[in-house]
Amino acid sequence: MIKLPSVQNLTGAIQRVVQRLPWVVLVAAAKAILLIILIETPRTDEATHNLLVRLIFLLFLALPLLLTVRLVGERRHWSHTVQLGAVAGIVALLIGYFFTINETPIQRDYYRFGLFMAAAHLLVSFAPFIGYREQQGFWEYNKTLFLQILSATLYAGTLYIGLIIAIETVHFLFDVDYPFRIEADLFVLIFSFVHTILFLSGLPERLDTLEENLEYPKGLKLFTQYVLLPLEVVYLIILYVYSAKILAQWQLPEGGVAYLVVAFSVAGILALLLLYPLRDSAEERWIQLFTRRFHLALLPLIVLLFIGIFRRIRDYGITENRYLVGILAVWLLGITIYFLFSKRDDIRLIPLTLCLISLLIAVGPWSIFGVSRQSQANRFRDILAQYQLLNGQQQVEGKAAVPPSDYDHLLSIVRYFRDRGEIQTLQPFFAQLPTRNNQTTVANAIELRLRNSLTAKAVPGEGSRTLNFSSRSALNDVYALDIKGFEQLWMFQVYGEQRIEQGGWMVQPVQNGRTLNIYQGSTRITSWDIATRLAELEQEYGTSSHEVDPARLRFDFQNQTHSLRLVLRSASRNGNNYSYEGILLWR
């Protein structure tokens, strides 16, 4: 039976951890405090909010780095002065990193932070065993980390749920309104501080003695044998059947298959690591069989992974996610070849190589940001050059009709750079853009230039392509609805041939929503051709846009007895089915 932590146990754990890891506990407490302040700070105070985010980045990184210094110092018997010097070095490094983060963090900052976090946590897993040939000790240490994370999460989750029930009970019985976001604050306190203390309290104190520990947890074996391995078999069957389908139809795989292969590989490597001490056990022949066969089974799937990801890169260029998957594919191939042919099978290489890769691709011209930026810019230039839209100064000039796929691709590249705060990368392609240093303003100006220069032409065989139009972002999402001269207003949303009625009026789509009929009683007042309007918008905007001129989504009808206006806020087609959301005005 699992024994949940009492207040006394928690207090004792805090005392032991504070004595052993004071700097780590201090950082954990500071992180929890800043997260609570961030939650309670109004988003209107943008400067404070952004500063807090940048400081929290540092504290998240500081915790695993300081833990690494302490564990390595214990293992190598560093003096107090040497450990303080290492801590000072980490502080200096983090201060330098702080000034590389944009004052308003953008997507690139979050990506880089994620890579640094991965590297810092991987460092904890292997740094204390660098220079020691202790495979069993390394495995025992990481097994403890793994189990500590699971148990700390269970304890913290149970504690949080129990306290939330108590808080809601007090609110229900005594009608108490809390002046702060107590649920979110409590979540941060428990999972940012208490969870950390519970995790740290179970770390082994003598890492040099772990090599002698040959005991293997039965629960871990059962988890791997009856949960992890069956999942591996299911993934393996699915991916091999899919590979057979590709060979039978002789076509390239979908780019999304790369993520399935990565998931299969990660689960398989985790299973191998969990079973590592039993790999040579004569009593566990199934483990030997799995260990030998896994890497052989993985090789064809790595080929599938390469084909899938490089198909996406060929079609759409490199982005951060595709770069990461491509790097993982190369890493998987290297690790697989190593374990197939190496007689040593040093499992420390797995976290060590992943840590180095995470650091390398986070900075420099070869980083995921530099390579992705250059790839998307080249893709943008190549599409424009393909349709002879670049003059001698390599700036957009003239007009051309392009397939909707290329039209959408150009607009998606503009938004790619806008979302990353790097729209200036595309500015050399256009003359006389706005001089305001505002990403959205410049991006909107570039999109307008592209729409003036490009016409999306229909491609035979693409009649079932999805269309999606909206005026929600037009004019900075500010749109006034003119209701002068009308007496009633009716907001509605329909899909396909869904019919809705209200107050004697009826909206009835027909032909899967291609046409919209308006009835008063049993009399049809008018019909509006939605399909034709969407086809016109496709020629003007491509297959998707949330910045359609509101006037292009408006329909009017007037006769001697009725005056009607239909204003669509959004309209889309999926296959042969049309759906739309709008407002009907009538008099």
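## A serine in helix 13

Let's start with Ser372, which touches Ile318, Thr319, Glu320, Tyr323 and Tyr416, leaving aside residues up to four places away in sequence. This serine belongs to helix 13, which spans residues 368-386. Keep in mind that the model is predicted.

Is Ser372 buried or exposed? Its relative accessibility is 0%, and buried means under 20%, so Ser372 counts as buried.

## Where helix 5 meets helix 6

Next, have a look at helix 5 (residues 107-126) and helix 6 (residues 135-174), whose axes come within 9 Å and cross at roughly 130°. Because of that angle, helix 5 is oblique to helix 6.

On the helix 5 side, the contact involves Val124, Ser125 and Phe126. Their counterparts in helix 6 are Phe138, Tyr141, Asn142 and Leu145. Sorted by class, this contact has 5 nonpolar residues, 2 polar ones and no charged ones.

Strand 7 (residues 515-520) pairs with strand 8 in the antiparallel sense over 6 bridges. Thr515, for example, has Asp529 in strand 8 as its bridge partner.

Notes:
Residues numbered from 1 in each chain as written. Predicted model: local features only at pLDDT ≥ 70, side-chain atom pairs only at ≥ 80, totals over all residues. Heavy atoms only, no water. Axes fitted to C-alpha atoms, helices over the stretch in contact; angles between N-to-C directions. Helix = DSSP H or I, 4+ residues; strand = E, 2+ residues; numbered from the N terminus. Parallel < 35°, antiparallel > 145°, perpendicular 65-115°, else oblique. Contact = heavy atoms within 4.5 Å. Nonpolar A, V, L, I, M, F, W, Y, C, P; charged D, E, K, R; others polar. Buried < 20%, exposed > 50% of the residue type's maximum accessible area, 1.4 Å probe, protein only. Pairing = 2+ DSSP bridges.
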